[in-house]
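Please look at the sequence and the model below before reading on.

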Amino acid sequence: MADSIESYEILLVGTRETYEHDYSLKCLVSNAITLLPITHTLEGISAFIFTSRYGIASLIKSASPTSPFYNPHLAHWRDIPSFVISPASAKELQKHKANIAFIGQSAHGGDFAREIIPLLKDHTPLYLRAKEIISKLDSILKSAQIPLQEVIAYTNTPQNLPQNLKPKPKSILIFTAPSAYKSFISNFAWEQEYIALAIGKSTFAHFSPHINAHIAPKPNIESALTLARALAQNLAPKH
């Protein structure tokens, strides 16, 4: 929790309305996620690829008999090996006792693709992806002759935000994805005092080279928050 003497405020910018591990953390919803029905029969599919917790959430929703998206062909999804980009996303699979074959560590799409190429040589994987993707994971796998199939599992829509939601100049902004940063700068003018903090290399690579920017030591919110608090403490007024 932020110290009362800190002049810098920490905000999480992305798709979350709250951060479940620290409800005191302010969140700015820059993008809205819409889960889409998964209509694939899974015939011939021997692996899943997930680069986001929203791909997982979409699959779980369509596999649920109580869902309006219910697809009975997905009933055995937990038995199919899952290749997931990060430990944070893997936690969502673990909650549902899924078969996790591989967990990436860098949370970077290109790195993840190259990590799983040798592991997918005998598989026909299904990539549950966003409508628009920034990483070249799909093309990297296809170039490696992996017989990749894809379904659009969710959309990520930038929001039009009112100016009264613009963070104060002395803010440390944690961006969860490149899309969050892109949406933020389309809504608000960038203040010179802002400090940007990226979760992962992809997000950091999309920052303007002219801003004060940092990357979290590990690609997860908790690591970014620890760094943000340290930065805020160092910048706090000295008494």
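Which residues does Thr203 touch, not counting residues up to four places away in sequence? In this predicted model, Thr203 touches Phe175, Thr176, Ala177, Pro178 and Ala198.

**Thr203**
- Thr203 is part of helix H6, which spans residues 201-206.
- Its relative accessible area is 2%, and residues under 20% count as buried, so Thr203 is buried.

**The sheet**
- Six strands form an open sheet in the order S3-S8-S7-S4-S5-S6, and their pairing is mixed.
- Strand S3 (31-35) and strand S6 (100-103) are the edge strands, each pairing on one side only.
- On average, neighbouring strands of this sheet are turned by 20° against each other, direction ignored.
- Strand S5 (residues 82-84) pairs with S6 in the parallel sense, over 3 bridges.
- Within this pair, Phe83 stands opposite Phe102 in S6.

**Helix H1 on the sheet**
- Helix H1 (residues 53-63) packs on the sheet, where it touches S3, strand S4 (47-50), S5, strand S7 (125-130) and strand S8 (149-158).
- The direction of H1 makes about 30° with that of S3.

**Helix H3**
- In helix H3 (residues 109-116), the buried residues are Gly109, Gly110, Phe112, Ala113 and Ile116.
- These residues lie on the same side of H3 because they cover an arc of only 160° around the axis.
- The buried residues of H3 pack against S4, S5, S6, helix H4 (137-143) and H6.
- H6 is also the helix in which Thr203 is found.

Methods:
Residues numbered from 1 in each chain as written. Predicted model: local features only at pLDDT ≥ 70, side-chain atom pairs only at ≥ 80, totals over all residues. Heavy atoms only, no water. Pairing = 2+ DSSP bridges. Helix = DSSP H or I, 4+ residues; strand = E, 2+ residues; numbered from the N terminus. Axes fitted to C-alpha atoms, helices over the stretch in contact; angles between N-to-C directions. Contact = heavy atoms within 4.5 Å. Buried < 20%, exposed > 50% of the residue type's maximum accessible area, 1.4 Å probe, protein only. Arc of directions from axis to C-beta.
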